[in-house]
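Hello,

Here is the structure I promised to pass on. Have a look at it first, and then read on for what turned up.

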Amino acid sequence: MAASRRSWSLSLMPPEIIQKIFYKTPAEALVRAKPTCKEWYALLTDETFINEHFNRSKEHFLRICDTVQIMDPVTRASSVSPVPNELLQHPFKIDTLVYTHMVQCDGFMLVGCNMWKCRDDGSRYANLALWNPVLRSLRWIEPSRSITTSDYHGIGYDKNNASDGYKILRFTSRPWDIEDYEDEPEVEIYECKTSSWRTLDVDQLDMDVNIMRICVAVMGNMYWIAYRDVEDEDDDEEEFICGFDFSDELFKDICLCPTSYVNSHLSCFNGDSLSLLQQDQVSRNIEVWVSSKLGGGDGDVSFSKYFSLSGPDLPALRVHAKAARPVYCFVKPKSVIVWCVEVEGKGTDKACTCCTLYEIGEDGVKSKRETERNYLRDYSRAFRCGYVYVPSMIPLP
């Protein structure tokens, strides 16, 4: 009865007031409010409102293990929902695969795993999917070919022609020659609008990409950390940011990384720039860098140091090279909130994996909170932490 009275009271408010309230309401709550009345349904399914709500939404963390967890890094509040049945019933269960990777774009995730399997009739299982965790909608993408561990995926769109819709990039980072794959295309584009793949005619890629497949989508383009051998220097390579521009469908060298660390983590900053969170393995010193705005001319992007931190008591945000990379976002000036995972007591009866949330600023570690602890001998949980995610009501393409 009380809920009915509240709905009735809101319905008496001017539409512009209701709209302002809804802009500040979490996407998950608005999805539940859709059936309330025709007026609300019309507003909450309006494309202009959905896009504006997304533009005002803040970054969250998303983690998948036994459930789907979406956490607000500021309030630490979490919403938990079951992993979709379509994923659990699929041969590739994204909640159990170590090598699953995801990329967030406009509030939905491109989900992929670098394994493949054929049905009895010879056709392939799809192992790429578009997924909106808030809307709980899922769309499998049928691959054009078998997927290998050298394949990488990204998602974006042509900023100059929005009607073309979203595109999925598949490329092979294989700077060495393997005869088995000589006849297979190195770069392909999937058009969500036409549900079809096409091959791009590009020269062999002369780079290697970080094995953990950490990449970010910013303003319709993809960016990731890449490596290239340095000429005239033995056993040396340069670390740089590479990008793929979906407007002209070209790979581009964006800029060199400011420093080269094993623990170097890429993310978005302020919606139009890149950031790097770096930590020295030995000293545990932390450096946070942010780039100039993207979208200008080639070669115009550079990094500047946002803040740095040193001291023997700093936490190890990544305990070893094969462990999960931390995820982080910016909520206050000169500070980051970092979510990381590690194994405690490995090899003992009290072994567990735990997820910890740190607020780290130029003045030190401001807070620490454990968000999850599992006393299971399943160390694969330490290989997956989570992803930066912006909840949205944008429907899947």
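Which residues have the most contacts inside the largest nonpolar core? Please keep in mind that this is a predicted model. The core in question has 55 residues, and the ones with the most contacts inside it are Phe-22, Phe-49, Leu-130, Ile-155, Ile-168, Leu-169 and Trp-224. Both domain 1 (13–56) and domain 2 (61–330) give residues to this core, so it lies between them.

Leaving aside residues up to four places away in sequence, Ile-168 touches a list of residues including Leu-110, Leu-130, Ile-141, Ile-155, Trp-197 and Phe-246. Glu-188, Ile-189, Tyr-190 and Cys-192 are also among them.

Next, a sheet. Four strands form an open sheet in the order β3-β2-β1-β25, with antiparallel pairing. The edges are taken by β3 (78–82) and β25 (387–389); each has a single partner strand, so one side of each is left without a neighbour in the sheet. On average, neighbouring strands here are turned by 25° against each other, direction ignored. Strand β1 (residues 60–64) pairs with β25 over 3 bridges in the antiparallel sense, and Leu-62 stands opposite Tyr-387 in β25.

Finally, the cysteines. How many disulfides does the structure hold? The number is 0. Cys-352 is in no disulfide, and the nearest cysteine sulfur, that of Cys-354, is 5.3 Å away, whereas a disulfide needs the two sulfur atoms within 2.5 Å. Cys-352 counts as buried at 1% relative accessibility, and Cys-340 is buried too, with a relative accessible area of 6%.

Enjoy exploring!

Technical notes: Residues are numbered from 1 along each chain as its sequence is written. This is a predicted model: local features need pLDDT of at least 70, side-chain atom pairs count only at pLDDT 80 or more; totals for chains, interfaces and linings use all residues. Side-chain values use heavy atoms; hydrogens and water are left out. Buried means under 20% relative accessible area, exposed over 50%, partly exposed in between (1.4 Å probe, protein chains only). Two strands pair if DSSP finds at least two bridges between them. Helices (H or I, at least four residues) and strands (E, at least two) are DSSP runs, numbered from the N terminus. Axes are lines fitted to C-alpha atoms, for helices over the stretch in contact, and angles run from 0 to 180 degrees between N-to-C directions. A nonpolar core is a set of buried Ala, Val, Leu, Ile, Met, Phe, Trp, Tyr and Cys residues joined through side-chain atoms within 4.5 Å. Domain bounds come from an automatic or database domain assignment. Contact means heavy atoms within 4.5 Å.
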